[in-house]
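Hi,

Here is the structure I said I would pass on.

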Amino acid sequence: MNIKAPRGTSDILFDKADMKQFIEKTAVILFEQFGYHPIITPTFEHTELFQRGIGESTDIVQKEMYTFKDKGGRSLTLRPEGTAPVVRAYLENGLASKSLPLKLYYCGQMFRYERPQAGRYREFWQLGVEAIGSRDAFIDAEVILLLVTLLKKLGLKDLELHLNSMGCPECRKSFSESLKGYLANKTEHLCDDCKRRARVNPLRVFDCKVRGCQAAIKNAPLISNFWCEDCSNHFETVKGLLDDMGVSYILNPALVRGFDYYTKTTFEVRTQSLGAQNALGGGGRYDGLVEEFGGLSTPAIGWAIGTERVVMAIEELGVKLPLNSHIDVFVAAIDEARKKGFNLLNNLRKHGISADMDYAGRSLKGQMKLSNKLNVSYVIIMGPEELRKNTCLIRNMDTGEQSEMQISDITRWAKDTFKVRKAGFDV
Ligand code: HAM
């Protein structure tokens, strides 16, 4: 039988799994420092949620959704993103009654039927935040600072923060009209999809990867020429706050993200260290989405990063993360000393020390080899001789030094030895 993981999915193993955990732990610490709370939503939702939320004419809804009928004949879709589900949960659970803005974070798999390539998968992981219930430009600055801080904490240095404002529905109306007029003269250069987009939702032509379409929109009108006074002022304030915080950005008036829900501030963080899929994360305001789903008019803003892409960038840049999957102590016990060794092992673990032992009947030599492979700091050796004396041997694997110690002194030794290392661990 030859069963392989489906195209565009993968098993996350060893170093990559350690890195993913580290990224998530680092993110959670930061999210909590910034006052965000976790939210967990289902992996699939009613298809209509994404059709309405993301927009019928977006690539995601048109081509990329994993949609299926369940046994009850309902149309369901594996979530392609996390924002629409969070807004659905906000409304369904009456979260508007909490003090606003409600600041939430999530971590989970997303699913998009895209052509797989490096950095683009059909199942991938996102970490994201959503702040619902504030139109204050300060919250825009906060979420952007949070994004940049997280990526910098992970050692990514070559970041480019692209910044734009998609304006409000009023600015968008005049912009769309102007864009429609512009594209009407370019029809023969557009692909069939874009011919349709140019009529129904001209903004989406910006998402098209076809060379002819990209060339056709090169001199297209830009949203920045259509900002109303309020949108313009809001954007100025956001930029000013980012300047004050020393967050550098590139103004990119052609940054049109691939969802219809965006309004006002939009942003994307890119890195030079990845190839075609160079966006590590992105987001923006979606001030109309809560209302679109039947709630009161409620401004909101958020972002998501793709964990696999962050892992790739970390590897590409050779960043060494202080991965914590390291075993501190290996208990190498043989023969009748194994029982005592097992006891000691679990006692160490009770005191917060990561420890392991052999479960494959290895000889003492084999266990020492394994300890080397595991890169442990210390090995505690116990054989029949030590068992008789109620002692053990402790070998420092870095220096090769070895000393004998009473079993009753081990916990104190371990606590003293590892306290320093653990306390010194700083994300
Ligand atoms: P997005 O830009 O579509 O935004 O996705 C965010 C990040 O997810 C991307 O920058 C990328 O790193 C990663 N990503 C997207 N598609 C794939 C894929 N096929 N394979 C691997 N990684 C991928 C959103 O999803 C919005 N919901 C963000 C947001 C939150 N806006 C407001 N709030």
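Below is what turned up, starting with a sheet and ending with some backbone details.

First, the ground rules: this is a predicted model, where local features need pLDDT of at least 70 and side-chain atom pairs count only at pLDDT 80 or more, while totals for chains, interfaces and linings use all residues. Residues are numbered from 1 along each chain as its sequence is written, and side-chain values use heavy atoms, with hydrogens and water left out. Helices (H or I, at least four residues) and strands (E, at least two) are DSSP runs, numbered from the N terminus.

The sheet: three strands make an open, antiparallel sheet in the order E2-E4-E3; two strands count as paired if DSSP finds at least two bridges between them. Strand E2 (44–46) and E3 sit at the edges with a single partner strand each, so one side of each has no neighbour in the sheet. On average, neighbouring strands here are turned by 35 degrees against each other, direction ignored. For such angles, axes are lines fitted to C-alpha atoms (for helices over the stretch in contact), and values run from 0 to 180 degrees between N-to-C directions.

Helix H2 (residues 47–54) packs on this sheet and touches E2, E3 and E4, its direction making about 80 degrees with that of E2. Contact here means heavy atoms within 4.5 Å.

As for the pairings, E2 and E4 are joined over three antiparallel bridges, and Glu45 stands opposite Thr77 in E4. Strand E3 (residues 66–69) pairs with strand E4 (residues 75–78) over four bridges, also in the antiparallel sense; Lys69 has Ser75 as its bridge partner in E4. E3 and E4 form a hairpin with five residues between them, and Gly73 in the turn has a positive phi of about 80 degrees.

Now the backbone details. Which residues does a cis peptide bond join? They are Leu100 and Pro101, with omega about 0 degrees. Pro101 lies in the loop between helix H4 (83–92) and strand E5 (102–111).

Two non-glycine residues have positive phi as well. Lys264, in strand E9 (residues 263–271), has phi near 45 degrees. Is Lys264 buried or exposed? Its relative accessibility is 8%, so Lys264 counts as buried (under 20% relative accessible area; exposed is over 50%, partly exposed in between, with a 1.4 Å probe and protein chains only). Asn375 has phi near 60 degrees and belongs to the loop between helix H13 (364–374) and strand E14 (378–382). With a relative accessible area of 52%, Asn375 is exposed.

Cheers
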